[in-house]
Amino acid sequence: MIVNGLKRYLKRSLPCVKFLGWGHWAVGISSRLFSQMRMYSCARWCERYHSAKIVEYLDRHYAHVIDSISPLETQSGEVTQKRIWTLWWQGINDAPESVLRTIGSMRSNAGDFEVIVIDKYNYQEYIDLPFYIMEKFSKGIISIQNFSDILRLSLIAKYGGIWMDANLLVLRTIKIDWNSDEFITSKKAGEYLWTGFFMGGRKNNVLATMASKIFFAYWKDNDALIDYFLIDRIIELCYNKSAIVKSMIDSVNSPNKDIMWVLRNLKRHYSEAVYKDIIANNVCLKLTHKLPLLNSPDTYAYRLLTEFS
């Protein structure tokens, strides 16, 4: 499994050489190797260095996009249609059981929000993307993962609402007041300030508008992906360059104590006390459709999927 993971990382990280050279690529590989060797402090240093260099590159080439956005483009509008956006590209009828359950949990806890499942059959009903984005996506230059990042930012900018990845399990209704809350995401002190798989805002949200336009500019210029987590690097650039974005993200009151907890503890021995703490301190939790979570009854993931879907 470790070897296969490294092979996948090598394949998806090689395009970085074109942008930043072999030395930087080696730092990125070292981060993964250190992590596999459980040398976590070294891995974190390499990852911070890797991320910083990519953000510096984006700053040099795309900071002008932020400066070119007019105030009218980011004048937050009212969310007249409250929506939760998610995506299963093949169509919901071809989704695995765990995804059917997580999307079911979104619908059960949507409150007055409409849940819209975007797929390859309906996405053009909601968004019109630049022709070069569509062309590069059809040729496989832009992956479905990166295309979904472009979609989520564009949908939030155009309509407002909340984006949830299809493998997010929702435990109860998310309470949000768009009259006072400009932005919602999940954060954990000392680890992360946002999550691209759970984020939302009002129509014309400043971050979604800036980040989507940087994505457009990047893919107009390039035929290779500088980093698998480009959405996070672009958000970081916006956070660094825009006082409005920084203030907006910093002021978010996260509805989750640790949205990633289950993924970090897939093999942890089950404890009822811990389980109660998890559901008390999180509104939604990130799962994965890549593992047979419903085949392991004595796990947190199994208990959550069977109780909340």
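Mentor: Let's start with a word we'll need all the time: a residue is called buried when its relative accessible area is under 20%, exposed when it is over 50%, and partly exposed in between. Keep in mind that we're looking at a predicted model.

Trainee: OK, so is Cys238 buried or exposed?

Mentor: Cys238 has 0% relative accessibility, so it counts as buried. Cys284 is buried too, again at 0%.

Trainee: And how many disulfides does the count come to?

Mentor: General idea first: a disulfide is a covalent bond between the sulfur atoms of two cysteines. Here the count is zero disulfides.

Trainee: What about the whole protein, what percentage of its residues count as buried?

Mentor: Of the 309 residues, 53% count as buried. The protein is built with 12 helices and seven strands, and it exposes about 15,400 Å², 52% of which comes from carbon and sulfur atoms.

Trainee: Let's do a helix. Which residues of helix α12 are buried?

Mentor: Here's the idea behind reading one: an α-helix has 3.6 residues a turn, so residues three or four places apart point the same way. In α12, which spans residues 300-307, the buried ones are Tyr300, Ala301, Leu304 and Leu305. They sit on the same side of α12, because they cover an arc of only 125° around the axis.

Trainee: What do those buried residues pack against?

Mentor: Their packing partners are α4, β4, α10, α11 and β7.

Trainee: Now strands. Which way do the residues of β6 point?

Mentor: In a regular strand the side chains alternate between the two faces of the sheet. Strand β6 covers residues 198-201: Phe198 and Gly200 point one way, Met199 and Gly201 point the other way, and all of them are buried.

Trainee: Which strand pairs with β6 over four bridges?

Mentor: That's β3, residues 161-164, and the pairing is antiparallel. β5, residues 183-185, also pairs with β6 in the antiparallel sense, over three bridges. Look at Met199 to see both pairings: it is the bridge partner of Trp163, and Thr185 stands opposite it too.

Trainee: Last topic, salt bridges. How many does the whole structure have?

Mentor: Side chains of opposite charge can pair when their charged atoms come close. A search of the structure finds 18 salt bridges. Take Lys241 and Asp59, which meet at 3.4 Å, N to O. Lys241 lies in helix α8 and Asp59 in helix α3, 182 residues apart, so this pair links distant parts of the chain. Both ends are partly exposed, Lys241 at 44% and Asp59 at 29%.

Trainee: Where do Lys136 and Asp223 lie?

Mentor: Those two form a salt bridge at 2.9 Å, N to O. Lys136 is in helix α5, while Asp223 is in the loop between α7 and α8, 87 residues away. Lys136 is buried at 10%, whereas Asp223 is partly exposed at 48%.

Trainee: And how many residues apart are Glu307 and Arg303 in helix α12?

Mentor: Glu307 and Arg303 are four residues apart in α12, which means about one helical turn separates them. Their closest N and O atoms are 3.2 Å apart in a salt bridge. Glu307 is partly exposed at 40%, and Arg303 is partly exposed at 27%. Elsewhere, salt bridges with shared partners join Asp149, Arg152, Asp165 and Lys286 into one network.

Note on methods
Residues numbered from 1 in each chain as written. Predicted model: local features only at pLDDT ≥ 70, side-chain atom pairs only at ≥ 80, totals over all residues. Heavy atoms only, no water. Buried < 20%, exposed > 50% of the residue type's maximum accessible area, 1.4 Å probe, protein only. Helix = DSSP H or I, 4+ residues; strand = E, 2+ residues; numbered from the N terminus. Arc of directions from axis to C-beta. Contact = heavy atoms within 4.5 Å. Areas by Shrake-Rupley, 256 points an atom, 1.4 Å probe, with all protein chains shown as cover. Disulfide = S-S within 2.5 Å. Pairing = 2+ DSSP bridges. Salt bridge = Lys/Arg side-chain N within 4 Å of Asp/Glu carboxyl O.
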